[in-house]
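Subject: Structure handover

Hello,

Here is the structure I promised to pass on. Please open it next to this note; my findings follow below.

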Amino acid sequence: RRVLFRSYLETGKFPKALLDVTEALVPADFFTQASGEMDVTVKGNLTLHGVTQPIEVTSHLTRQGKGFESQTEMKLKLTDYGIAIPKYAGITIAEDVELKVHFAAE
C-alpha cells in the first residue's frame, strides 16, 4: 500500500507540504495565562503536490505552562491539488480526504 500512496502522491517529486499561516487572531492574554483553551480561525495557504490553495480552518489551542498545542482538522479535495485519484484492483481512493495537523510550541 505504501508504494501505491508514494506513487500517486509523487513524494519523491513533492516531498514536503507547507501550511503558511497568514492570520490567526489569538488574544494576547492567551499566551500569558497558565492554562486555557480556545478555538481560533486560521487563514493561510496550503501547498501540497506543488499546488498552493487558500484555506480557512478552525484550530483548537490548548495552553499549559509555558507552551501551547494546536489541533486542526481539515477536509481537502485531492484534485484541487493536482493529485489524480488512483484506482487499484477495482478500488478507488476517495477524492476528499481529512487532514489532521498537530503541533506544540513553547
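With which side chain does the side chain of Thr-72 make a polar contact? The partner is the side chain of Ser-59, at 2.8 Å. Keep in mind that this is a predicted model.

Start with the overall layout. The model has an open sheet of 5 strands, and their order is 1-2-3-4-7. Pairing in the sheet is antiparallel. Strand 1 (18-24) and strand 7 (96-105) are the edge strands; each has a single partner strand, so one side of each has no neighbour in the sheet. From one strand to the next, the twist averages 30 degrees.

Now the pairs.

- Strand 2 (residues 35-48) and strand 3 (residues 51-64) are antiparallel and share 14 bridges. Here Leu-48 has Val-51 of strand 3 as its bridge partner.
- Strand 3 and strand 4 also run antiparallel, joined by 6 bridges. Thr-62 sits opposite Glu-69 of strand 4. The two strands make a hairpin, with 2 residues between them. Gly-65 is in that turn and has a positive phi of about 65 degrees.
- Strand 4 and strand 7 are antiparallel too, with 10 bridges between them. Glu-73 faces Lys-100 of strand 7.

**Two residues of strand 4**

Back to Thr-72. This residue belongs to strand 4. Is Thr-72 buried or exposed? Its relative accessible area is 10%; the cut-off for buried is under 20%, so Thr-72 counts as buried.

Ser-70 is buried, at a relative accessible area of 3%. Which side chain does the side chain of Ser-70 meet in a polar contact? That of Ser-59, at 2.5 Å. Ser-59 therefore has polar side-chain contacts with Thr-72 and with Ser-70, both of them buried.

**The largest pocket**

Ser-59 and Ser-70 turn up again here. The largest pocket holds about 230 Å³ of space. Its lining has 15 residues. Which of them lie nearest the centre? They are Val-21, Val-42, Ser-59, Ser-70 and Phe-103. Strand 1, strand 2, strand 3, strand 4 and strand 7 each give at least two residues to the lining.

**A loop residue**

One more residue to look at. Ala-17 is in the loop that links helix 1 (2-9) and strand 1. Ala-17 has a relative accessible area of 54%; exposed means over 50%, so Ala-17 is exposed. Not counting residues up to four places away in sequence, Ala-17 touches Thr-47 and Leu-48. Leu-48 is the residue whose bridge partner is Val-51. How far apart in space are Ala-17 and Leu-99? Their C-alpha atoms are 12 Å apart, with 82 residues of separation in sequence.

Best wishes

Key
Residues are numbered from 1 along each chain as its sequence is written. This is a predicted model: local features need pLDDT of at least 70, side-chain atom pairs count only at pLDDT 80 or more; totals for chains, interfaces and linings use all residues. Side-chain values use heavy atoms; hydrogens and water are left out. Two strands pair if DSSP finds at least two bridges between them. Helices (H or I, at least four residues) and strands (E, at least two) are DSSP runs, numbered from the N terminus. Axes are lines fitted to C-alpha atoms, for helices over the stretch in contact, and angles run from 0 to 180 degrees between N-to-C directions. Buried means under 20% relative accessible area, exposed over 50%, partly exposed in between (1.4 Å probe, protein chains only). A polar contact is a pair of N or O atoms within 3.5 Å; within protein, one must be able to donate a hydrogen and the other to accept it, and residues adjacent in sequence count only if both atoms are side-chain atoms. Contact means heavy atoms within 4.5 Å. On a 1 Å grid over the protein atoms alone, a cavity is a set of points where a 1.4 Å probe fits but cannot get out, and a pocket is an open set with protein on both sides within 12 Å along at least five of seven lines; lining residues have an atom within 4 Å of a point. Grid points are joined across faces, edges and corners, and a volume is the space filled by probe spheres set on the points.
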